[in-house]
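Work through the exercises below with the sequence and the 3D structure side by side. Try each task before reading its solution.

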Amino acid sequence: MKRYIKFNILAFLIATFGMVSCTGDLDTLPIDPNESTPDIIYADKGAYKQVLAKCYAGLAVSGQQGPAGKPDISGIDEGFSTYLRQYFKAQELSTDEAECAWGDAGLSDYHDQNWTSSNPFITAMYNRIFYQITLVNEFLREATDAKLDSRGQSDIKAEVAEYRAEARLLRALSYLHALDMYGNVPFVTDEHVVGGTFPQQIMRADLFNFVETELLESVNDLKEPQANEYGRVDKAAAWMLLARLYLNAEVYAGTARYADAATYAKRTIDEGGYNLSPEYAHLFMADNDVSGAAQEVIFPITFDGQRTQTWGGMTYLIAAGIGGDMPKDQFGTNQGWGGNRTTSAFVDKFADISGDTDSRAMFFTTNQSLDIVDRTRFQDGYAISKWKNLTSDGMAGSNGDFMDTDFPMIRLAEAHLIYAECAVRGGADRVIALGYINDLRLRAYGDNSGDLTDAEMTESFILDERARELYWEGHRRTDLIRFGQFTDGTYLWPWKGGVADGKTTESFRNLFPLPAADVGANTNLKQNEGYN
């Protein structure tokens, strides 16, 4: 059975958080303050943990009951709008790693790289990010020492301080996604007064500084690595988010910080106590919370087929990748939606220097063509068989419609790759980095046939190795931008820019636009360059 922290405070959450507007100021107002005021809810000391659980759950589900019926955000399908589903689309469908066969209005804009500020998917991601930020802001307002004192709860200050640190990290994660995808965005924290004015726009470099400060401060109150409950963050999660932030510092803030990225990646490896899973495939299976995979996963988004039911999240990630002749029972699910598959450019990443078999190459090829000719036909393009609702011993998950598999938002292999990239860029020790890379390749090849030499460890190798190790885990768009290959670079893939052979696209598309509705409603916002 999955380990999880539950939230059963439906009435409070609906009342306090309400429905976030696409164009509002991120405010939260009670629907009926006479029935569900914060002081009434927080009279129960257990409510702090329950509301924190909702902050975590917002990464996985999109409503109060699942899979549908009581949405967090009105006016949009609940399964469509989940955080993880939209994050995957933004980070993967816009790249060489994924192409979707569906005809939803605006979906092909990702791969075509011709989106506008009215794109519903880009808007959905933006709204989900800021809903998360709203949840955390409201929790932090109600979990101060002063509030605890006023409620006669001074005895739980230490415990709630840990909750606050976790909440700040979750907010930093969402602001990091906003920083990465949208650049200059509306900015509200728990210190802002609710109501009255629209939020001001924060510049990208300033938001970088905010996220950095939040992580550096919150890490002090987080539990030591692996000392927290499964599914909750610890110091290692903060170190890894700092490593990610610094790895992309030149893009986000204009100044390279590779030495800092390497420091936190190495600290995670040396002090976190996490280890690489013996089997790569087990990281993406239904028991990845308890199998050998669990020792590698630093922060998962947790799912349970019985208790975390959604048509987004891992249900989407698994079901949307199953179609054609793929046997659904071999993936532990009743669902096969025939949507996402990959391009020949990504498949080519596994024809690497060793010439041997890389176990990370998980493709279903039966009656699937390598090349995508008809973009609406799932069987054009190799399918990805990486994600499964099967346990590591081959048993189906607890529910054929909803998945038990957790999503590894942060795992140790990424620390190895960050350190290696920093070494290639001159910010870390190349000898240590080579060892880290070869640890990953030893797992991938089962022996040392895939080992790399120092001369072979180049920037282009690192970019390709990140693709081989981390594909369909939400990294690819950010990686391609950092290496100058997402838009106007030299790297083309099938249907990039909407043409069969691929073409370069405008560099302003390294950022998504702010949603037109938000810009129209909030006069403090200036649209990103290149968009109307």
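A residue is called buried under 20% relative accessible area, exposed over 50%, and partly exposed in between (1.4 Å probe, protein chains only). The model is predicted, so local features need pLDDT of at least 70 and side-chain atom pairs count only at pLDDT 80 or more, while totals for chains, interfaces and linings use all residues. Residues are numbered from 1 along each chain as its sequence is written, and side-chain values use heavy atoms, with hydrogens and water left out.

**Exercise 1. Classify D39 and R151, and state what joins them.**

Step 1. D39 has a relative accessible area of 47%, so D39 is partly exposed.
Step 2. R151 has a relative accessible area of 15%, so R151 is buried.
Step 3. A salt bridge is a side-chain nitrogen of Lys or Arg within 4 Å of a carboxyl oxygen of Asp or Glu. The closest N and O atoms of R151 and D39 are 2.9 Å apart, and the two residues form a salt bridge.
Step 4. Helices (H or I, at least four residues) and strands (E, at least two) are DSSP runs, numbered from the N terminus. D39 is in helix α2 (residues 38–41) and R151 in the loop between α7 (145–150) and α8 (157–181), so the definition of these runs places the two partners in distant parts of the chain, 112 residues apart.

**Exercise 2. Find where D155 and K45 lie, and classify both.**

Step 1. A salt bridge joins the side chains of D155 and K45, at 2.8 Å from N to O.
Step 2. D155 lies in the loop between α7 and α8 and K45 in the loop between α2 and α3, so this pair ties together parts 110 residues apart in sequence.
Step 3. D155 is exposed, because its relative accessibility is 57%. K45, at 36%, is partly exposed.

**Exercise 3. Check the length of helix α12.**

Step 1. The expected span of a helix is 1.5 Å times one less than its number of residues.
Step 2. Helix α12 (residues 258–271) has 14 residues, so it should span 20 Å. The end C-alpha atoms are 20 Å apart, which agrees.
Step 3. Buried residues of α12 include Y258, A261, A262, Y264 and A265.
Step 4. Contact means heavy atoms within 4.5 Å. Among the elements covering the buried residues of α12 are α9 (204–218), β4 (297–301) and α16 (430–445).
Step 5. Just after α12, G273 has a positive phi of about 75°.

**Exercise 4. Is E469 buried or exposed, and what does E469 touch?**

Step 1. E469 is in helix α17 (residues 459–470).
Step 2. The relative accessible area of E469 is 0%, so E469 is buried.
Step 3. Not counting residues up to four places away in sequence, E469 touches Y280, R360, K386, R411, A413, L417, L440 and R443.
Step 4. E469 also belongs to a network of salt bridges, whose members include R360, K386, R411 and R443. The structure holds 48 salt bridges.
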